[in-house]
Amino acid sequence: MAKGVWIVAEQRDGALRKVSFELASAARKLADQLGEEVGAVLCGSGVEAMAAELAKYGVDKVYVADNAALEPYTTDAHATAVAKIVKENDPAILFLGASAQGKDLSASLVGKLATGMATDCTDVKIADGKLCAIRPMYAGKCFGEIVIDAFPQMASLRPNVFPIVECAKAGAVVKFDAGLGEAKTKVAEVLKEAAGKIDVAEANVIVSGGRGMKGPEGYAILEELAGLLGAAVGASRAAVDAGWRPQADQVGQTGKVVSPNLYIACGISGAIQHLAGMSSSKYIVAINKDAEAPIFARADYGIVDDLFKVVPALTQEVKKLLA
Amino acid sequence: MNIVACVKQVPDTEAQIKVKGDGSGIEEGGIKWVMNPYDEFGVEEALKLKEKFGGEVTIVSMGPARTMETIRTALAMGAEKGIQIDDPALYNADAYATAEALAAAIKGVPYDIIFCGQRSIDDDSAQVGSILAEILGIPQVTFATKLEIDGTAVKATRPIEGAAVVVATSLPCVITATKGLNEPRYASLPGIMKAKKKPVDIKKAADLGVSGASKSKVAKFTPPPARPPGKILCADDTPEGKAAELAKLLREEAKVI
């Protein structure tokens with residue numbers, strides 16, 4: 001009988017990613033309801049010391065595969081390692097982060113484990129002893145409650161949504177052999193972006209600009225505000241298609257679906273596909289000249305005015321607050 | 001080169017989605033159906049490879065009768081032939097059952113490379129391409145924004161948070177396409193005329209030897225949680241006054257800065 005709530009911890013460049021602690025905390029909560037243990041799979045090279053950090057957030061056992069071939073991340077090596085230890089231990093539930101790496105790894109695992117998964121969940125609970133995973137579909141135009149009739153019941157959890165809760169447990173390390181065969185894929189090169197750039201998918205605050213920014217140079221005022229707030233700068237499809245901003249920054253149904261604490265939409269009218277991608281943000285601010293823009297219907301706070309005057313003024317106000 | 005591109009017909013990005021009263025699904029009336037935008041990047045890349053290396057592009061799609069329209073669109077863009085998997089047993093298929101059916105259909109055609117969209121914009125699962133690769137036992141690169149092929153050597157670039165990784169692998173493989181890979185072409189009028197005569201094979205689950213059984217299901221669809229009505233800030237009519245009011249609310253009421 002499948003038992004236990006497991007996570008796949010995500011690490012990069014020698015440090016656990018924040019989503020790993022979110023996963024551990026979510027897993028702990030469900031495991032307590034089921035009266036079961038939390039297990040974490042940790043793959044990489046020289047990663048054993050990270051196990052103690054996972055223990056702080058409620059992990060009872062950390063299954064560590066330490067192997068040079070697991071660094072840097074590749075789909076086939078990590079999926080092979082995780083599938084092996086999961087098959088040996090038969091957990092009931094398996095969580096991964098819906099990050100770039102987690103989405104890639106989790107989908108491959110669904111194939112290897114022949115099971116079902118709810119992608120990019122915003123809530124998970126136990127109903128009748130089984131996992132019930134809540135997730136946005138159609139980029140958030142509706143939600144689905146997913147149940148899985150196979151083990152492990154898998155879910156990838158949207159980063160930044162699940163609270164991190166400290167709960168010290170043993171975090172006993174169990175080493176395992178990754179069982180790697182010949183590598184089918186390898187990383188040829190890593191192209192780093194400018195240091196300090198925050199990805200919209202991971203940001204707590206997003207300052208986003210649309211067609212109303214009038215051109216790429218208009219984003220300078222958003223960059224300044226974002227810098228103060230520790231925010232990422234996002235963009236609408238119109239701005240990306242016009243070549244003003246990189247594709248990686250696009251928020252919406254054909255870009256990234258985000259849920260930051262604060263989303264400041266500047267010069268974005270609010271096309272349905274954009275609204276779908278950001279409506280689950282905790283607080284939404286809209287700054288737009290057009291009082292009729294659909295974005296105002298989703299905004300907690302709206303300012304109908306010229307963004308080129310409001311944004312610099314807001315930057316000054318934030319400077320005062322943070323001083 | 002034998003190339004397969006998997007496509008799905010989905011509601012247009014501007015479509016409003018209404019949940020059925022009993023939560024069993026979405027209302028399909030009035031929806032405009034289009035090719036999943038991420039699959040368009042896959043079809044375009046398939047056509048570019050064919051133009052460079054020669055060969056054939058086969059379109060594989062699963063869905064009800066209306067799906068034929070999307071297959072014809074891909075054929076009009078320049079693909080040679082199509083396979084439509086149409087069986088009521090598969091209409092609510094999850095990612096695993098979908099990949100199983102696609103894999104069974106693809107096993108019947110020669111392939112060197114298979115394209116899928118990184119996700120379909122309806123159920124947003126982002127799983128099918130990866131499961132397909134696992135079932136076929138071939139490597140995969142997901143979320144590709146750039147692809148280079150030299151002989152059987154494959155290099156694909158995929159963005160990760162704050163960086164991009166160039167992954168090296170070899171044919172045959174599955175590539176899932178994302179925005180940035182290319183600019184999909186429009187079907188030309190002669191292309192549309194020619195597409196009408198191109199062959200499309202229609203398969204049932206039994207033809208493919210799959211049961212259609214899903215591992216997961218959507219037990220209930222719900223509308224998104226309603227957002228409380230917002231405030232338009234106008235205590236002071238100047239941009240500076242509105243900005244000050246906003247900063248105060250974000251600090252004291254929302255507590256987010």
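I started at A:His78, which is found in helix α3 of chain A. I am working with a predicted model, where local features need pLDDT of at least 70, side-chain atom pairs count only at pLDDT 80 or more, and totals for chains, interfaces and linings use all residues. My labels number residues from 1 along each chain as its sequence is written, letter chains from A and number ligands from 1 in the order in which they are written, and side-chain values use heavy atoms, with hydrogens and water left out. Helices (H or I, at least four residues) and strands (E, at least two) are DSSP runs, numbered from the N terminus.

**Entry 1**

Is A:His78 buried or exposed? I count A:His78 as buried, because its relative accessibility is 4%. Here buried means under 20% relative accessible area, exposed over 50%, and partly exposed in between (1.4 Å probe, protein chains only). Leaving aside neighbours within four places in sequence, I found A:His78 in contact with A:Cys43, A:Leu70, A:Tyr73 and A:Leu105. Contact means heavy atoms within 4.5 Å.

Next I checked the span of α3(A): the helix has 15 residues and reaches 21 Å from its first C-alpha to its last, close to the 21 Å expected at 1.5 Å a residue. The expected span is 1.5 Å times one less than the number of residues. Buried residues in α3(A) include A:Thr75, A:Asp76, A:His78, A:Val82 and A:Val86. What do the buried residues of α3(A) pack against? I noted β1 (5–8), β4 (38–44), β5 (61–66), β6 and α4 of chain A, together with β7 (140–144) of chain B.

**Entry 2: α3(A) against α4(A)**

I looked at the packing of α3(A) with helix α4 (residues 100–113) of chain A, and found an angle of about 50° with the axes 9 Å apart. Axes are lines fitted to C-alpha atoms, for helices over the stretch in contact, and angles run from 0 to 180 degrees between N-to-C directions. The two helices, α3(A) and α4(A), are therefore oblique to each other. For the record, angles under 35 degrees count as roughly parallel, over 145 as roughly antiparallel, 65 to 115 as roughly perpendicular and the rest as oblique.

The crossing of α3(A) past α4(A) is right-handed. A crossing is left-handed if the near helix is turned anticlockwise from the far one by less than a right angle, and right-handed if clockwise. Among the residues making this contact are A:His78, A:Val82 and A:Val86 of α3(A) and A:Leu105, A:Leu109 and A:Lys112 of α4(A). By class, I get 7 nonpolar, 4 polar and 3 charged residues in the contact of α3(A) with α4(A). Ala, Val, Leu, Ile, Met, Phe, Trp, Tyr, Cys and Pro count as nonpolar, Asp, Glu, Lys and Arg as charged, and the others, Gly among them, as polar.

**Entry 3: α5(A) and α8(A)**

The axes of helix α5 (residues 220–229) and helix α8 (residues 307–322) of chain A come within 10 Å and cross at roughly 20°. I therefore log α5(A) and α8(A) as roughly parallel to each other. Their crossing is left-handed. Where they meet, α5(A) contributes residues including A:Leu225 and A:Leu229, and α8(A) residues including A:Phe308 and A:Val311. I sorted the contact of α5(A) with α8(A) into 12 nonpolar, 1 polar and 2 charged residues.

**Entry 4: positive phi values**

Just after α3(A), A:Asp90 takes a positive phi of about 55°. A:Asp90 sits in the loop between α3 (75–89) and β6 (93–97) of chain A. With 34% relative accessibility, A:Asp90 counts as partly exposed.

In chain B, B:Asp124 has a phi near 55°, again a positive value in a residue other than glycine. I placed B:Asp124 in the loop between β6 (113–117) and α4 (128–136) of chain B, and B:Asp124 counts as buried at 8% relative accessibility.

**Entry 5: cis peptides**

Which residues does a cis peptide bond join in chain A? I found A:Phe151 and A:Pro152, with omega about -10°. A:Pro152 lies in the loop between β10 (142–148) and β11 (153–157) of chain A. In chain B, a cis bond joins B:Leu171 and B:Pro172, with omega about -5°. B:Pro172 is in the loop between β10 (163–170) and β11 (173–177) of chain B.
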